[in-house]
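Thanks for coming. Please have the sequence and the structure open.

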Amino acid sequence: MFKLRRELQAVNQYRAEKDLSHTQKWTNKLVEHYLKIADMVPEWKSELRLKRAEQLKVAAKDGDFKSLGRAIKKLQKSCKNCHETYRAQVAAIHRAPDFNHTSVQLDGKETSYQNFMRRLMRDVNRIKIAADDANKAEAQIALKDVRSGITTLRSSCDSCHKETKAKDYYLGKETTELMDKLEAAIEKGESGRPLGEFAVHACARCHGSYRIIYDMKNEIEK
């Protein structure tokens with residue numbers, strides 16, 4: 001699709017300049033890749049305007065810029081219609097992270113990503129519950145479990161993120177510093193705001209990037 005967008009732009013540019021050789025070059029590329037859509041996604045074959053694509057090729061070969069202009073406008077309209085129908089679903093299905101095939105180690109055993117995240121969420125809530133009940137010792141134990149969970153979670157990021165910068169953005173030095181701040185705040189009986197800051201940084205930031213589109217993908221594929 002990126003190639004098609006670039007080729008459409010090139011054809012329109014060179015057509016406007018009446019540059020025949022480059023118009024023909026990019027029109028041939030455009031038609032070649034447009035016709036491949038039916039092979040890549042057979043379900044979309046009925047959406048394609050194959051005759052229109054052939055008209056493009058003939059018009060470019062004949063140097064008929066006027067006919068080429070009319071044909072390409074109609075072809076672009078069919079692209080727009082298809083995008084309006086499928087683009088959001090395709091992006092969700094093919095670009096969303098697939099955590100269904102990601103596993104992590106929990107208590108020495110391999111478990112699903114979903115189970116691990118539920119465990120981590122419970123541990124975060126344990127901190128809040130214990131802190132509200134003025135049970136500092138239990139809150140610190142829960143925080144220790146959260147620290148361990150964050151370390152494990154960070155190691156799982158390698159399945160998608162190959163650069164350290166990406167992992168650091170979500171679960172790097174700042175996350176560690178927030179947990180250190182939370183640890184000190186628990187001892188002072190003032191964990192409310194530090195816990196919220198940690199949850200927003202380490203949980204909400206990642207969920208805002210991945211959880212929304214992951215949930216959309218699962219709904220579409222049901």
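Start with threonine 23, which sits in helix H2, the helix that covers residues 20–40. Keep in mind that this is a predicted model. Is threonine 23 buried or exposed? Its relative accessibility is 0%, and buried means under 20%, so threonine 23 counts as buried.

What does threonine 23 touch, if we leave aside its neighbours within four places in sequence? The contacts are Tyr14, Arg15, Phe65 and Leu68. For arginine 15 there is a further detail: its backbone nitrogen is 3.4 Å from a polar atom of the threonine 23 side chain.

Next, lysine 18. You will find lysine 18 in the loop that runs between helix H1, residues 2–16, and H2. Look at its backbone: phi is near 60 degrees, which is a positive value in a residue that is not glycine. As for accessibility, exposed means over 50%, and lysine 18 has 54%, so lysine 18 counts as exposed.

Where is alanine 134 placed? It is in a loop, with helix H5 (113–132) on one side and helix H6 (136–156) on the other. Alanine 134 has a phi near 60 degrees, again a positive value in a residue other than glycine. Its relative accessibility is 66%, so alanine 134 counts as exposed.

To recap: threonine 23 is buried, lysine 18 is exposed, and alanine 134 is exposed. That is all from me.

Methods. Residues numbered from 1 in each chain as written. Predicted model: local features only at pLDDT ≥ 70, side-chain atom pairs only at ≥ 80, totals over all residues. Heavy atoms only, no water. Helix = DSSP H or I, 4+ residues; strand = E, 2+ residues; numbered from the N terminus. Buried < 20%, exposed > 50% of the residue type's maximum accessible area, 1.4 Å probe, protein only. Polar contact = N/O pair within 3.5 Å; in protein donor to acceptor, adjacent residues only side chain to side chain. Contact = heavy atoms within 4.5 Å.
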